[in-house]
Amino acid sequence: MPIVETQNLSKIYGAGEVAVTALDHVSISVEAGEFVAIMGPSGCGKSTLLHLLGGLDSVSDGSVLIDGQNLAGMKDDDLTRLRRRKIGFIFQFFNLIPVLTAQENVALPITLDGVKPAEARARAAEWLTRLDMAERMHHRPDQLSGGQQQRVAIARALVADPDLILADEPTGNLDTRAGDEIAETLRQVSQQWGRAVVMVTHDPRIAAYADRIIFLKDGKVNDQTILAPRRNGDAATAAAPLQAPA
Amino acid sequence: MSVRNAFLGLLAQKPRHGYELRAAFEAIAGGGVNWDVKPAQVYATLDRLAEAGLVVCTSDLGEGDEPGRRVYALTEAGLAALRQWFDEGVEPEHQRDEFYIKLMVALASGAGDPHRILRTQRGLIYQRLHGLTTQRNALDARVALAQVLLLDKAIMHLEADLRWLEFVEARLGDIQRQPLPAPQVRARGRPKKGS
């Protein structure tokens, strides 16, 4: 079963003559552990799609299913809980809280969800260690480089053990080298830790790290390219060479 | 030219047998998978270099029962040719492009869908970019910097190709509204005498 799926998803901003269709009957699905990049020219609806996948905005028509649950029918409390436990978010500008240390930033979402502070700190430390940030756990964001801040944000996105990570231009504010490292880390998030990653990017170099690219144009799916065969799929695809079939 | 000049350089390092030269070339060229030279090409190249006086061939004695093998060494003229190569720039080649020709033929003939051709090409380049990125990231730049830099060059060129494809796709409508480059119409038959 896909971890996230959209069915004829549409989003229209405004109404009547000033209505703008941002997404026009988009149907996509992402399997557990898959790394998918969403690309397209600016204004193609890629950020809108990501926001709808994360339940951050309401759909106009069609549906978003996370792990088989339709977001549209959910009460606010249930939606909040699902967002906290099933989905991790990563943003272009990291969105860390400046007065908190790396470890406190990472522990925050699960603390808000009722995990005891000592346990939350331990889990935060564990993820920061996996992401090579053990030595900077007690640094505040302004004491960290952009790439390091994004690592903290990735740890924060993973700390609640979500199945799905949504990343909005995660390398958009980083130089080439740090961008490559973050893209490689996101690949690790999917390959090694089995989380589905959906990443919006305009950078071809970064998109090439994904298993599959979905191209949007004028709010519609214009094309898809498979870059790597499914690793956890059936034996035939798992045994296939790296280059995907044409 | 690259193979010929690389052979001169590798022989400047030390005299070598043909098969040794081939292995040394493939190692610096990014591996035999990336650039393989057939033994026949190695010996044909060496023969031409010998004819031009850029290398000389001698036979060694061979060890034990093995027959002697031909050993090649660089001459003074060979060294001068190598230095000349170092002194000149290498022409980049980006304007003879099979994909561009395919797109033009599709536009001119109407026999292929240019949008589909663009998408197919984009998909293929992304697959190659994924493969190269995976290869590059599997290498440790502290010990394999030469290979990393070769892969980086290929990656950067593919990035540029993708940006160009995006540019072409965005302007395909404009291209289709213009006349395609066509040959100049000339009078038929032989040119008139005296013209």
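These questions and answers walk through a predicted model, its chain interface and its salt bridges.

Residues are numbered from 1 along each chain as written, with chains lettered from A and ligands numbered from 1 in written order. Local features need pLDDT of at least 70 and side-chain atom pairs 80 or more, while totals for chains, interfaces and linings use all residues; side-chain values use heavy atoms, without hydrogens and water.

Colleague: How much area do chain B and chain A bury between them?

Modeller: Contact means heavy atoms within 4.5 Å. By that rule, 19 residues of chain B meet 24 residues of chain A. Buried area is the accessible area (1.4 Å probe) that two parts lose on being put together, summed over both. Of that area, 49% lies on carbon and sulfur atoms, and the total is about 1800 Å².

Colleague: Which residues of chain B lose the most area to chain A?

Modeller: Three residues together make up 37% of what the chain B side buries. They are B:Y126, B:Q127 and B:H130.

Colleague: How many salt bridges are there between chain B and chain A?

Modeller: A salt bridge is a side-chain nitrogen of Lys or Arg within 4 Å of a carboxyl oxygen of Asp or Glu. One joins B:R136 to A:D180, with the closest N and O atoms 3.8 Å apart. The count between the two chains is four.

Colleague: Which helix gives the largest share of the side of chain B that touches chain A?

Modeller: Helices are DSSP runs (H or I, at least four residues), and strands are E runs of at least two, numbered from the N terminus. Helix 6 (114–138) and helix 7 (145–170) of chain B each supply at least two residues. The largest share is 13 residues, from helix 6 of chain B.

Colleague: Is A:E34 buried or exposed?

Modeller: Buried means under 20% relative accessible area, exposed over 50%, and partly exposed in between (1.4 Å probe, protein chains only). A:E34 pairs with A:R212 in a salt bridge of 2.8 Å, N to O. The two are 178 residues apart, with A:R212 in strand 10 (residues 212–217) of chain A. At a relative accessible area of 4%, A:E34 is buried.

Colleague: Is B:R142 buried or exposed?

Modeller: B:R142 forms a salt bridge with B:D140, the closest N and O atoms being 3.0 Å apart. B:D140 is partly exposed, at 31%. B:R142 has 74% relative accessibility, so it counts as exposed.

Colleague: Which residues does A:T185 touch?

Modeller: A:T185 sits in helix 6 (residues 176–191) of chain A. It is buried, because its relative accessibility is 4%. Not counting residues up to four places away in sequence, it touches A:L131, A:R151 and A:I154.
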